[in-house]
Amino acid sequence: HIKDTARIHGIITDGGEASNIVPAHTAGEFAIRAEDDSYLDELNERVLNCFVGAATATGARLEYQWGDVRYAAMRNNMTLARLFRKNMQSLGRKVELLVAGSFSTDMGNVSRLVPGIHPMVAIAPPDVLMHSPQFVTVAASEAGVKGFMDAAKAMAMTVVDLLSSPETVRKITDEFGQKK
């Protein structure tokens, strides 16, 4: 019932003491993500309405607060992304150029202030989920370290490209200005 690019995550932080006793207090923490701010606002309202409906149906009292941090959608600078891709390819890495992802990061907020990219480097097989114990093992492996080193090298090469080409910097700046 939500767009494929949106996410609603939650965790029950206090669910009571026993499964057969109605708890006097419960608590949870939820995160809502979307690729654009207007859809994020819509989802925030829909999720809150779910909580209000559940509280009404059970006769519970609902207290909630929105967090201080709001992650803006990432604005990838495609000129900068293509430059980074070229450098990754020169290191022998296969690169897919994706416009956006459905992950949480404050880089979306940063990309509203300055041109940015949020490259991701594959270090694990597709069946290994990020933020899992298996991913930790892969990240600490020789293949994981090589992936991180290739990404760092490509980022450094991209900086050198920018320092040596004011014309490219102008293109990046122009693209950034068009997205405001």
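Where is the place of Tyr64? In this predicted model, Tyr64 lies in the loop between helix 1 and helix 2. Tyr64 is also one of the residues that make a nonpolar surface patch of about 820 Å². At least two residues of the nonpolar patch come from strand 1 (7–14), and at least two come from helix 1 (37–58).

Side chains of opposite charge can pair when their charged atoms come close. Asp41 and Arg70 form a salt bridge in which the closest N and O atoms are 2.8 Å apart. Over the whole structure, the search finds 8 salt bridges.

Helix 2 (residues 78–90) packs with helix 6 (residues 166–178) at an angle of about 135°, and their axes are 8 Å apart. Angles over 145 degrees would count as roughly antiparallel and those from 65 to 115 as roughly perpendicular, so helix 2 is oblique to helix 6. On the side of helix 2, the contact is made by Met78, Thr79, Leu80 and Leu83. Helix 6 contributes Thr168, Lys171, Ile172 and Glu175. Sorted by class, the contact of helix 2 with helix 6 has 4 nonpolar, 2 polar and 2 charged residues.

Key. Residues are numbered from 1 along each chain as its sequence is written. This is a predicted model: local features need pLDDT of at least 70, side-chain atom pairs count only at pLDDT 80 or more; totals for chains, interfaces and linings use all residues. Side-chain values use heavy atoms; hydrogens and water are left out. Axes are lines fitted to C-alpha atoms, for helices over the stretch in contact, and angles run from 0 to 180 degrees between N-to-C directions. Helices (H or I, at least four residues) and strands (E, at least two) are DSSP runs, numbered from the N terminus. Angles under 35 degrees count as roughly parallel, over 145 as roughly antiparallel, 65 to 115 as roughly perpendicular and the rest as oblique. Contact means heavy atoms within 4.5 Å. Ala, Val, Leu, Ile, Met, Phe, Trp, Tyr, Cys and Pro count as nonpolar, Asp, Glu, Lys and Arg as charged, and the others, Gly among them, as polar. Patches are made of residues with over 30% relative accessible area and no salt bridge: like charges are joined within 9 Å, nonpolar side chains (Val, Leu, Ile, Met, Phe, Trp, Tyr) within 5 Å. Accessible areas come from the Shrake-Rupley method with a 1.4 Å probe; for residues, only the protein chains shown count as cover. A salt bridge is a side-chain nitrogen of Lys or Arg within 4 Å of a carboxyl oxygen of Asp or Glu.
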